[in-house]
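Here is a short tour of one chain, for reading alongside the sequence and the 3D view.

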Amino acid sequence: MDAPGWRGPEESLGTSQAKSGRDRLIRPYAVTGGRTAPRMQLALEALVSSATFAGVDPTTLSTEYQAIISLSRQVRSVAELSALLRMPLGVTRVLIADMAAEGLVQIHQPSLDAGKPDLNLLERVLSGLRRL
């Protein structure tokens, strides 16, 4: 029986780099170097976009980084990136936080005024729920 693992992003995205006929299983903790917590607080709904970076050859980056950069050309949430990559959320958070520290992606965190929810947003959600 195969050990549980994560299939690398090239298999998830169906790129030409995938090895045909052979599945590459990677344990999630191996991708993050054993780390389980991101360097910074990263909300699930935080938006990620590729940063404009000069002097970095994308081919020198890991396949995970390349996949995240490719997908975040359109602004996407951390949760959405995790789902598209078929990567565990914790692994995605760690990688995105590392990439932000290196200037490879920009993170747009939701502004939560000292933990207080936006009243306007809550009213819109309640109104939408009542219409159901």
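## Inside, outside and confidence

Let's start at Met99, which touches Tyr65, Ile68, Ile69, Leu104 and Val105 when residues up to four places away in sequence are left out. Keep in mind that this is a predicted model.

Met99 also belongs to the largest nonpolar core, a set of 21 residues. Together with Ile68, Leu95 and Ile96, Met99 is among the members that touch the most others in this core. Which elements give two or more residues to the core? They are helix 3 (63-71), helix 4 (78-85), helix 5 (89-101) and strand 5 (105-108). Helix 3 provides the largest share, with five residues.

Now to the surface. Leu121, Val125, Leu129 and Leu132 make up a nonpolar patch there, and their accessible area together is about 430 Å². Leu132 sits in the segment that follows helix 6 (119-131). Is Leu132 buried or exposed? Leu132 counts as exposed because its relative accessible area is 83%, and the cut-off for exposed is over 50%.

Finally, a word on confidence. The chain has a mean pLDDT of 76, with 73% of its residues at 70 or more.

Definitions and conventions: Residues numbered from 1 in each chain as written. Predicted model: local features only at pLDDT ≥ 70, side-chain atom pairs only at ≥ 80, totals over all residues. Heavy atoms only, no water. Patch = residues over 30% accessible without salt bridge, like charges linked within 9 Å, V, L, I, M, F, W, Y side chains within 5 Å. Areas by Shrake-Rupley, 256 points an atom, 1.4 Å probe, with all protein chains shown as cover. Salt bridge = Lys/Arg side-chain N within 4 Å of Asp/Glu carboxyl O. Helix = DSSP H or I, 4+ residues; strand = E, 2+ residues; numbered from the N terminus. Buried < 20%, exposed > 50% of the residue type's maximum accessible area, 1.4 Å probe, protein only. Core = buried A, V, L, I, M, F, W, Y, C linked by side-chain atoms within 4.5 Å. Contact = heavy atoms within 4.5 Å. pLDDT = per-residue confidence, 0-100.
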